[in-house]
Every structure is written in structure tokens, then in C-alpha cells.
Amino acid sequence: MRTLAVRAEGLERVFGEGDVQVRAVRGVDLEVRPGEVVLIMGPSGSGKTTLLSMLGAMLRPSAGRVEVDGVDLASLAENKLPAFRARRFGFVFQDFNLLSALTVRENVELALNLAGATGRSARERAEVLLRDLGLGERLGFLPEKLSGGEKQRVAIARALANDPAVILADEPTANLDSKIGHEIARLLRRIASEGDRSVVIVSHDTRLKDIADRVLWLEDGEFRSMSEMATDPVCGMAVEREATPHYARDGRTWFFCSTACRDEFAADPHRFSVSAAVA
Amino acid sequence: MGARVAVGRRNLFSERRRGLLGVAGTAAALLLVLAVGAVFDGAMRQITRYIDTQPAQLFVSQPGVRNLHMASSFVPLEDVEAIEAIPGVGSVAPILFAQDGLETDAGRRLSYVIGYVPGRAGGPAELQTGTEPGSGEIVLDESTAESLGAGLGDRVDALGTSWRVSGLVSELSNIANGAAFVRLEDFAAARELRGTASYLLVGTGREPREVATAIERATGLEATTREAFSASERELVSDMIGDVLRILTAAAWLVGFAVVALTLYAATRSRLRDIGVMKALGAGRGALSRVVLTQAAWTVGAAVVVAAALTVGVSSLLARTSSPVTMALEPGALVRVAAISVVVGTAASIAPLVKVSRLDPASVFRR
């Protein structure tokens, strides 16, 4: 039994040099167990995507190391990484990223092909996965004919195609309405629990907290304590209590992602949930 | 190994209009290549048709002359007896030959005019209609007659004389010249030639090369086998129009290369996001190269088929007209074009392959 699916130690990523040098990720440590759902939140530009790229073997770290399923990614030559990605990871993207020229079934089958499974076995595996996710009637459809929720379920089927140890999801609910977003969130939870897979989600969506075993806050490339965070009552985004616009009334204080949210709240506080206030 | 999802083909034809335009553009360029080659091959075949259909194995000419086209040859008729006496010689038929403009009120056509003795070698292989030329009469190739607006019984000017059309033959015109036949003595009278022929057509009962050697030894004339004479004729004409042909063919290949390269580049560029996704999902260099090369193979393969079909169609349409232009699509030419197309398709794939190889898989996270 594996004890850790993902282990990152002292992970750093620097872009550029000299005056234009940017340290996108700074000394991040992360351990994810099989069956665990880890939600990484943070403002735009905080380094979430860079971190996800390094965890997903798409970007080499400037320093530190990533171990996935017991394999140190640094030990793999560049030409071995694609095959490693195909077999060990499943990816779920905000924009679904289905190949528009391929049918639903072919999109899943392609992932199997990339891992070496071809022909009838790949086709049948793709169909089983899609049927399990309620897409049995959509096998021959092109992605453009699907709803957002269906597209994301196809993407999840594709992510599961090679039975990977780790699912990396980038804003998986961002382009979905509330109901469908919730369904997708529960599906990700189920995938982790039933398949003993590690699911790492990067998102702004606070609703995903409900299905996460752990929530981490990434800001300026570093993990920060969630206790320092508050929720913007207008847009629902997690925000840092310091250095963000706030609004105080009747001895309580609310924190906002922007002055626009604060002004909207101030105009009529009763329209919004006030539970996010700090006394 | 089982089948894989045909990403390249699906990418290429998912935007049907672009895919078909790519195939059509490439096919147009290949059609030009094939058509130029087919016209050339057709012309070569046609240009030696008179020679190839003669019932004689040797062409005897003035020393140093091994052609009809643009050649001038004088052979003394007194040598005929000497040649007839050579063992292995079956028959000797003199012909007079000139390139001259045939004229009617309706038009003018540059033609081979051949004077021959009816019933002997040197004349047309088969009359389409009418009779062999009598005194003051001329037999024309159908295409030549049509371009002159002349039919049986009409009059045509040639060799400074007016002739009455007595018969028509087919398929002896070529891209450069028409064909006309008169009696040997009429030709000689018109050109005031005495005791001379242009060529002697010799029928042999033995190995023609041995007889040719004997004729050359006995007369000092040039004796060439029909096959060698025909090949020499083709070589001369090929040298004359070869540069034009090569320039046209090179231009067509350049256009074809540009169209294939543009099609593949556009198809790849429009699918960069998808290719990035494939890279993120674990597509290695081999899988991505397969996508680009499949697109190239489909574009070029479909274009070769379309171009070959169009060339065959155009050549059969041409054959139904009286045009002196004939097209012959040789299997070898088709294989050569297909092989070069593969090279062109592969070369045209280089830029898309470089683009794909440089694509950052993490770009799929960017919005």
C-alpha cells in the first residue's frame, strides 16, 4: 500500500533573470496521500498553475524535488516524461480541453492510446468509463454538442482512462453553473475515495472546500495558513484579511477581493450572507 | 498493434473546407506537373509516330543525319541499286522530306511533307478515308486538314504548288507539325530535285544492325535502325523543349510545396491548443509527429489521386478532339510524381513539426 502519492519538497520555480526575475513558487512542501483530496486556493498570479505544472511533470522545478507514486521526477529523462504523464496522471482542466475534432469516445480512447492501449480494448475501456459517468448516449457526439457539465465529465473520464494514481484538476468547476459544479465536485470526491486516488485541485471556488480533505492557501508562491483567510461575501472568493478592502459595521468586519465587491456590499449588506463577518 | 484514434485525419478534415481546399490546391499543382509531363510524353510518342509505324527496319540518310525534325538530308538515288544488292536487304523505298507551311484560305499549318511511292514504305500506315495520292494530289492528317479547313477534294498549297486533297489519315500530327503526303515524283518536281532522295527506308530480312553496318560500309551513308532513329528524334525534340518543360515542372512543384506546407501549417496552427492538450496528456514526439505526418499523407495522397484522375479525364477529352496535343499519362510518371509528393509532403511537415515540438505542454493551463 502506498503511503504517499505525491511528495514535493522545497519546490521552487524561478522565471527570468536579473531585474525581471520572478519567483513563482518558493519553497513549497506538499504531501498528498492516496484517497485524499487537496484543494489549493489562492489569488490569481499566486503560483497555483506553476505548482500544478511542476506536480504534473510538465515543468522542471528550479530547486526542490517532486516524487510521484514513489518516482522522483528529476530522475526521468525529458523523453520519458510524456509516457510517465500518460500513465500516472489524469488531468482535468477549466476549459475542458477536449479535442474538438474527436468524438466523446475518441477523446477518452486517445488518452488510452497515448499510454499504449490501442484497438478494441481501448475502445471498450473508453465506453465503460463514459457509461459509468452517464455519458453512454453521447459516445459519438462531438464536444461542441455537449453541455459544460457533460464536457467536464468526458474530461474526467479521460483523466481516469489509464487508472492514474494522481488526478490534477485546474479550476474544474469554474465554467460550470452552481448545480453542475457541485456534481463535478462530488464526482471528484468519489473518484478519490473509491479509486484510492490522490486528487489535487487548484481553484478559486470555495464550494470545493466541502469535498476537500485539506485546503491550502497559496500566495506569492508560498503556502499560508487558512486561519488568516476570510471569504468575500459578494463573490465568495477566499481573501487574505490583511491588505484587502474591508467594511466594518455594528462591530463586525467583512473582507473583500476588491473595492467593487466592497462597494456593492456596502450599498445593501442585507442582500448578502453576513456570516463571513469577523467580530 | 490495434488501431489508434486517427487524430491527424480528423484534425485535417474536421474543418472540411480548409482540408478540401488544401487537397484541391495540392491537386491543382500536381495536375500541372502531371499534365505537363503527360503532354510531353504524348508529344514524344506522337512526334515519332510516322517513324515508328514504317514497315522498314532501317533509315538511310546523309552521313551525320539521324533525324527528320529540322534535318536536311540528301541521298543519291544511284545508291539504291547498291543497297538492294547487299545481302539481307529486302526492299528500298526512297522518300523526300521537307518541313513546309501548308496553306488554304482558312489557315496555315507547319507540316512535315513527305514524298513517297504509293504502295511502298514511306507513306501513311493507314488511310482513314479517301485514296492514296495520285498525281497532283495530297493526303493530309485529319487534324492538319481540320486546322486548314480542308476536306476531300479541296485544294491546299504546299511546296509552292496547289494540291487536291485525296485522302485523310489519322494521328500523325504532333504538337509542332502537321503531316502531309504526296507522290515522290510530284515532290521532286515541285522542288526541282533530280536523282536524289532525303532518306531511303530499307526493309531487312536479317538482323537490322548487321545490314546497317554493311550499308554504311558499301555506300558511306548513315544507316540507322528504326528504333535508334526514333530515339534520336525524341532526344532532339526533348532537348529543344526540355528547358521549358523543366521550368514549368519546377514551378508546379514549388506551388505544390507551398500549398502543402501552408495547408499543414494552418491545420497545425489552428489545432495548437489540441496539440498542447495531447502533450500534457502524455503524447511524445512519435505520437505528435504521427499527427502531422498523417495530415501530410492525407493531403498529398488525396491530391495525387485527384490529380491523376483529372489528368486521365483531360487526356481522354483531348483524345476526342482533333487537337494535335495529346497527353499520355505513363505509369512511371505517376509513380515518380507520387514519390516526389511524399518527399514534398515530408519536407512541408518540417515547420509544423518544429512548431509542435516547441509547444509547452503547460500551455494548456493558460487561458
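This is a predicted model: local features need pLDDT of at least 70, side-chain atom pairs count only at pLDDT 80 or more; totals for chains, interfaces and linings use all residues.
Q: At what angle do helix H8 and helix H11 of chain B pack, and how far apart are their axes?

A: Two packed helices are described by the angle between their axes and the distance between the axes. Here helix H8 (residues 226-270) of chain B packs on helix H11 (residues 331-348) of chain B at an angle of about 45 degrees, and their axes are 9 Å apart. H8(B) and H11(B) are therefore oblique to each other, and the crossing in which H8(B) passes H11(B) is right-handed.

Q: Which residues of H8(B) meet H11(B)?

A: From H8(B) come B:Trp253, B:Gly256, B:Phe257, B:Val260, B:Ala261 and B:Leu264, which meet B:Val344, B:Gly345, B:Ala347 and B:Ala348 in H11(B). By class, this contact has 8 nonpolar, 2 polar and no charged residues.

Q: Turning to helix H7 of chain A, which of its residues are buried?

A: In helix H7 (residues 259-267) of chain A, the buried residues are A:Cys261, A:Arg262 and A:Phe265. Because they cover an arc of only 100 degrees around the axis, they lie on the same side of H7(A). These buried residues pack against strand S13 (246-249) and strand S14 (252-255) of chain A, whereas the face turned away from the buried side carries the exposed residues A:Thr259, A:Ala260 and A:Ala267.

Terms used
Residues are numbered from 1 along each chain as its sequence is written. Chains are lettered from A and ligands numbered from 1 in the order in which they are written. Axes are lines fitted to C-alpha atoms, for helices over the stretch in contact, and angles run from 0 to 180 degrees between N-to-C directions. Helices (H or I, at least four residues) and strands (E, at least two) are DSSP runs, numbered from the N terminus. Angles under 35 degrees count as roughly parallel, over 145 as roughly antiparallel, 65 to 115 as roughly perpendicular and the rest as oblique. A crossing is left-handed if the near helix is turned anticlockwise from the far one by less than a right angle, and right-handed if clockwise. Two residues are in contact if their C-beta atoms, placed from the backbone, lie within 7 Å. Ala, Val, Leu, Ile, Met, Phe, Trp, Tyr, Cys and Pro count as nonpolar, Asp, Glu, Lys and Arg as charged, and the others, Gly among them, as polar. A residue is buried if 20 or more other C-beta atoms lie within 10 Å of its own, exposed if 12 or fewer, and partly exposed in between; C-beta atoms are placed from the backbone. The arc is that of the directions from the helix axis to the C-beta atoms.
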